[in-house]
Amino acid sequence: MSLQEFAVIPSEDTVEKGKVTFNVSNKGPEDDHELVVIKTDLSPVDLPTNPNGSVNEEGQGIEAIGEIAEFPPGEERTQAFDLESGSYVLICNVYDEAETESHYQEGMRVSLTVE
Ligand SMILES: [Cu+2]
């Protein structure tokens, strides 16, 4: 899957439960991105947010399962997460102070179903 300004693009939108390995590339072109795995029944656009627009990972109705920390354009990261069946949202929750820009609000959010 890939991260870019501004989208999270999964290779598959449904995966099998258990150990799920994410191979993530940051296609930039300019920004560092991260991948946060959130278990939730909320729509990707309806996650609880902080005043600056980023997602409140401690907020109501969501459970942050884990994340691949911010990494630069042109690089890749691989990490596995143990996921049970359910609905998930994958986001980049970077907030760029200099540009007062929330990557989540710009569109870096997508659903994932685990069966
Ligand atoms: Cu981002």
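Visitor: Which strand does Val15 lie in?
Guide: Val15 lies in strand S3, residues 14-15. Strands here are DSSP runs of E with at least two residues, helices are runs of H or I with at least four, and both are numbered from the N terminus. Keep in mind that this is a predicted model: local features need pLDDT of at least 70, side-chain atom pairs count only at pLDDT 80 or more, and totals for chains, interfaces and linings use all residues. Residues are numbered from 1 along each chain as its sequence is written, and side-chain values use heavy atoms, with hydrogens and water left out.

Visitor: Okay, is Val15 buried or exposed?
Guide: Val15 counts as buried, at 15% relative accessibility. Buried means under 20% relative accessible area, exposed means over 50%, and partly exposed is in between, using a 1.4 Å probe and protein chains only.

Visitor: And what is Val15 in contact with, leaving aside its neighbours within four places in sequence?
Guide: Val15 is then in contact with Val20, Leu112, Thr113, Val114 and Glu115. Contact means heavy atoms within 4.5 Å. Take Leu112: it is 97 residues from Val15 along the chain, yet their C-alpha atoms are separated by 7.7 Å.

Visitor: What order do the strands of the sheet have?
Guide: The open sheet has five strands in the order S3-S11-S8-S5-S6, with mixed pairing. Two strands pair if DSSP finds at least two bridges between them. S3 and S6 are the edge strands, each pairing on one side only.

Visitor: How many bridges join S5 to S8?
Guide: Four bridges join them, and the two strands run antiparallel. Ile38, for instance, stands opposite Val89 in S8.

Visitor: New topic! Which residues coordinate the copper ion?
Guide: His33 (ND1), Cys92 (SG), His103 (ND1) and Met108 (SD) coordinate the copper ion, at 2.0 to 2.7 Å. Donors are N, O and S atoms within 2.8 Å of the metal (3.2 Å for Na, K and Ca), and sites may look incomplete since water is not among the atoms.

Visitor: Why is the arrangement called tetrahedral?
Guide: The four donor atoms subtend angles of 86 to 132° around the copper ion, which makes the arrangement tetrahedral. For four donors, that label needs all angles between 85 and 135 degrees. His33 lies in strand S5 (residues 33-40) and His103 in helix H1 (residues 103-106), so this pair ties together parts that are 70 residues apart in sequence.

Visitor: Are those two histidines buried or exposed?
Guide: His33 is buried at 0% relative accessibility, and His103 is buried at 1%.

Visitor: How many residues does the largest nonpolar core have?
Guide: The largest core has 21 residues, and Phe22, Leu90 and Leu112 are among those with the most contacts inside it. A nonpolar core is a set of buried Ala, Val, Leu, Ile, Met, Phe, Trp, Tyr and Cys residues joined through side-chain atoms within 4.5 Å. A second, separate core of eight residues includes Ile38, Val55, Ile62 and Tyr104.

Visitor: Last one: how many salt bridges does the structure hold?
Guide: The structure holds two. A salt bridge is a side-chain nitrogen of Lys or Arg within 4 Å of a carboxyl oxygen of Asp or Glu. Lys39 forms one with Glu84, the closest N and O atoms being 3.9 Å apart. Lys39 is in strand S5 and Glu84 in the loop between S7 and S8, 45 residues apart. Arg77 forms a salt bridge with Glu75, with the closest N and O atoms 3.0 Å apart.

Definitions and conventions
Four donors count as tetrahedral if all angles lie between 85 and 135 degrees; four count as square planar and six as octahedral if opposite donors are over 155 degrees apart and all others between 65 and 115; anything else is irregular.
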